[in-house]
Amino acid sequence: MSALAACLLSAGFTVAGSDLCRNERTAELEARGVAFVCGHAPERAARSDAVVYSSAVPESDPELAAARAAGIPVYDRAELLALIASCFEISVGIAGCHGKTTATAMCAHVLQACGGCTAHIGGEDLDYGSYFEGGNRCFVTEVCEYRGNIRKLRPTVAVVLNTDADHLECYGSAEALFDAYAAYARSAPAAVVCGDDPICSAVRPALTFGFSEKCDVRALRLRSSGGRYSFTLNIHGEPCGRIRLHVYGKHNVYNALAAAAVAEQCGFPPALTAVGLAGFRGIRRRFERLGKLYGAELIADYAHHPREIAAALQTAREAFGGRLFVVFQPHTYSRTRLLFDDFLSVLSGVEDLVIFKTFPAREYFDAAGSALTLAEKLPNALYIETLRELSVYLRCSLHAGDTALFLGAGDIYYAVKRLLNAKF
């Protein structure tokens, strides 16, 4: 939402907004001239030319009700994003259960190296932020699958990174979500999909990327140096130079291949892909090194799905030595409940594990999907509810050379920052 606000500001619109509380992002928008209200301002919504809302906002929201009562046009976030994307000659939409933000940012760097692009990023690129304006020909955005939003964007190039089960509270089954990904890929003039994922057999892609021999865009001769990977980019069987990534994790090779495949589909030379990826330094909250506490390295990662947690654990063990402490904050009760066994499986091998209280987001309490219930089923886990308790645990546990990995898409990131600044 903040990136869309920045986009509209750049286009000359007067923008106002509201949120539950002030934060870094709202402060940035206020500094750019956005009139911000903490809480609700129904009377202001009723005086607007249009009202845009995210999927996290309930239909009972007083600002939505006021706008509709006044006959003001109301758009959800995905509808506005689709309108913006339609203004560009080339629009690239990046979908998938994991890696959307990183792949979108990588693609933005590559397309910018190829002549320029405008990017709408779901996280904060260390150089571009969440919105980057670099040209009016190419537009790249990530595509959210929550509540069927994936059906609303019709890009010229549809990318599908992977098709794991998530948001089952919306779709009802993994099969229904898979069908949504397939329909999205089929709706575009060109689909670029992971050749190592089942989605490849459900659509007719223009290009595939991955590790297997059947893929059009591949990574060969992988090398890892402290968790950062390099590889030879191979397109249609021809080597196209060496790619070196500055971000951690083997999973990011897939994201880089997706960006390379988009550039190939758009007709840009592979040499520029290497230039763009060389300039990508990462995304905040994606295996971000925050500093040291009691001599231990503190890493924050957005991982909140079992497969993402597995990738973060593998990367931490590969990149850092010493004892590994993991603090995981579940994100929403429904995800924890619906993927409960998968969470147990991926976390059961962590020796030093803390389960922090659930970040509920848009949901109400559900004991079956609570952090406490998850912790009780993990004999290796300690359940913690407050930042002060977490501070005491870390002070008594961490030593020089250890690594503390904080996982989750909720407010655990800001809690760690408060620990580092001793503000709690």
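**Briefing: a predicted protein chain and its parallel strand pairs**

Strand β17 (residues 324–328) and strand β18 (residues 352–356) run parallel and are paired over four bridges; strands count as paired if DSSP finds at least two bridges between them. This is a predicted model, in which local features need pLDDT of at least 70 and side-chain atom pairs count only at pLDDT 80 or more, while totals for chains, interfaces and linings use all residues. Residues are numbered from 1 along each chain as its sequence is written, and side-chain values use heavy atoms, with hydrogens and water left out.

**The six-stranded sheet**

- Helix α15 (residues 387–397) lies across β15, β17, β18, β19 and β20 (403–407), and its direction is at about 170 degrees to that of β18.
- Helix α16 (residues 412–420) also packs on the sheet, where it touches β15, β16 (296–301), β17, β18 and β20 and makes about 35 degrees with the direction of β15. Contact means heavy atoms within 4.5 Å; axes are lines fitted to C-alpha atoms, for helices over the stretch in contact, and angles run from 0 to 180 degrees between N-to-C directions.
- The sheet is open and has six strands in the order β15-β16-β20-β17-β18-β19, with mixed pairing.
- Strands β15 (288–293) and β19 (381–384) are at the edges with a single partner strand each, so one side of each has no neighbour in the sheet.
- On average, neighbouring strands of this sheet are turned by 20 degrees against each other, direction ignored.

**Strands β10, β11 and β12**

- Strand β10 (residues 190–194) runs parallel to β11 and is joined to it by three bridges. Val192 stands opposite Leu207 in β11.
- β11 also pairs with strand β12 (residues 217–225), in the parallel sense and over two bridges. Here Gly210 has Arg218 in β12 as its bridge partner.
- In a regular strand, side chains alternate between the two faces of the sheet. In β11 (residues 207–210), Leu207 and Phe209 point one way, Thr208 and Gly210 point the other way, and all are buried. Buried means under 20% relative accessible area, exposed over 50%, and partly exposed in between (1.4 Å probe, protein chains only).

**Aromatic pairs**

- The whole structure contains ten aromatic pairs. Rings of Phe, Tyr and Trp (its six-membered ring) pair if their centres lie within 6.5 Å; planes under 30 degrees apart count as stacked, over 60 as edge-to-face and the rest as tilted.
- The ring centres of Phe88 and Phe139 are 5.0 Å apart and the planes are at 25 degrees, so this pair is stacked.
- This pair links distant parts of the chain: Phe88 is in the loop between α5 (77–85) and β5 (90–95), and Phe139 is in strand β8 (residues 138–142), 51 residues apart.
- Phe88 is buried at a relative accessible area of 16%, and Phe139 is buried at 1%.
- Tyr248, Phe287 and Phe320 are linked into a cluster by ring pairs.

**The whole chain**

- The protein chain has 16 helices and 20 strands. These are DSSP runs numbered from the N terminus: helices are H or I with at least four residues, and strands are E with at least two.
- Of the 424 residues in the protein chain, 55% are buried.
- The C-alpha atoms of the protein chain fill a box of roughly 60 × 55 × 40 Å along the principal axes.
- For contacts between residues at least 6 apart in sequence, 62% join residues at least 24 apart.
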